[in-house]
Amino acid sequence: MLQVYLVRHGETLWNAARRIQGQSDSALTAKGEQQASQVAERVKSLGITHVIASDLGRTRHTAEIIADACGCSVTLDARLRELNMGVLEQRPIDTLTAEEESWRKTLVDGTEGGRIPQGESMAEMAARMHAALNACLDLPAGCRPLLVSHGMALGVLVSTILGLSPSAERRLRLRNCSISRVDYQQSAWLASGWIVETAGDVSHLDEPSLDELQR
C-alpha cells in the first residue's frame, strides 16, 4: 500500500486579505510560516521520503520548511498548481461585480464546465492533479511522499477520489496547512486504487486556520 500525504500551503498575505490568488502568488504571512513549521513537526516522524510541491512560491516555501524537517529535498511539479482563475486573479473578493461573482460561483456551486474567463475548469484541474498523484506510483517501493498544493486543487483531488464529479458542489474544507492522506491499495472491502484515509486534519495547528473564503 502506498500512502501519500497532502498538505495545503500556509496562510498567505492574500488569504488574510481575501484576495483571489489562483496561479498568481503571494508570500506566506508570519502565521503561515508558523503553520508550515507545525506541519513539519507533525510529519517529521512519519518517514516521509519525498516532498513534491506546486511550483508557486507559497507552496514552495511551505514545502521547504517541511522538507528541511524531514531531511528531504523538494521536487517541483506544476501540475500541483492552484486553479487558474483567469481575469479575477489578484482581485479582492469584496470588489467583484455581480457578473464577476457569478463567474466565481460556477466553480463551487455545481455548474458543469464552470470557469472564469481566461481561466481553467475544475475538470481540467482535476485531470492534472490526478496525473501528479498517479506519478507517485512510479516512485521506488517503500516510499512515502508528501505533496504540497492548494485548497481548491486538493479539494477537487480528494472529492473526485471519493467519486464526485469535478464540478460537484464544494463541500470539503481544507484549511491552510491542513493534512490529508490518500492510499493506493487493494482491499476486499473498499474500491481498488486510491482511497481517502483522512481529510483536512488541523489538529497540529495551535490557532484557527483560514479557508479560501474566510471572513
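**Figure 1. Elements that cover helix α6.** The cover over the buried residues of α6 includes β1 (2-8), α5 (122-135), β4 (145-149), β5 (179-185) and β6 (193-201). The model is predicted: local features need pLDDT of at least 70 and side-chain atom pairs count only at pLDDT 80 or more, while totals for chains, interfaces and linings use all residues. Residues are numbered from 1 along each chain as its sequence is written, and side-chain values use heavy atoms, with hydrogens and water left out. Helices (H or I, at least four residues) and strands (E, at least two) are DSSP runs, numbered from the N terminus.

Figure 2. Of the 11 residues of α6 (residues 151-161), 11 are buried (under 20% relative accessible area, 1.4 Å probe, protein chains only). Among them are Met-152, Leu-154, Val-156, Leu-157, Val-158 and Ile-161, and also Gly-151, Gly-155, Ser-159 and Thr-160. Gly-163 follows α6 and has a positive phi, near 100 degrees.

**Figure 3. The chain around the helix.** The protein chain holds 6 helices and 6 strands, in the order β-α-α-β-α-β-α-α-β-α-β-β from the N terminus. Buried residues account for 51% of its 215 residues. Of the contacts (heavy atoms within 4.5 Å) between residues at least 6 apart in sequence, 73% join residues at least 24 apart.

**Figure 4. Extent of the C-alpha trace.** The trace of the protein chain spans about 50 × 40 × 25 Å along its principal axes.

Terms used: Buried < 20%, exposed > 50% of the residue type's maximum accessible area, 1.4 Å probe, protein only.
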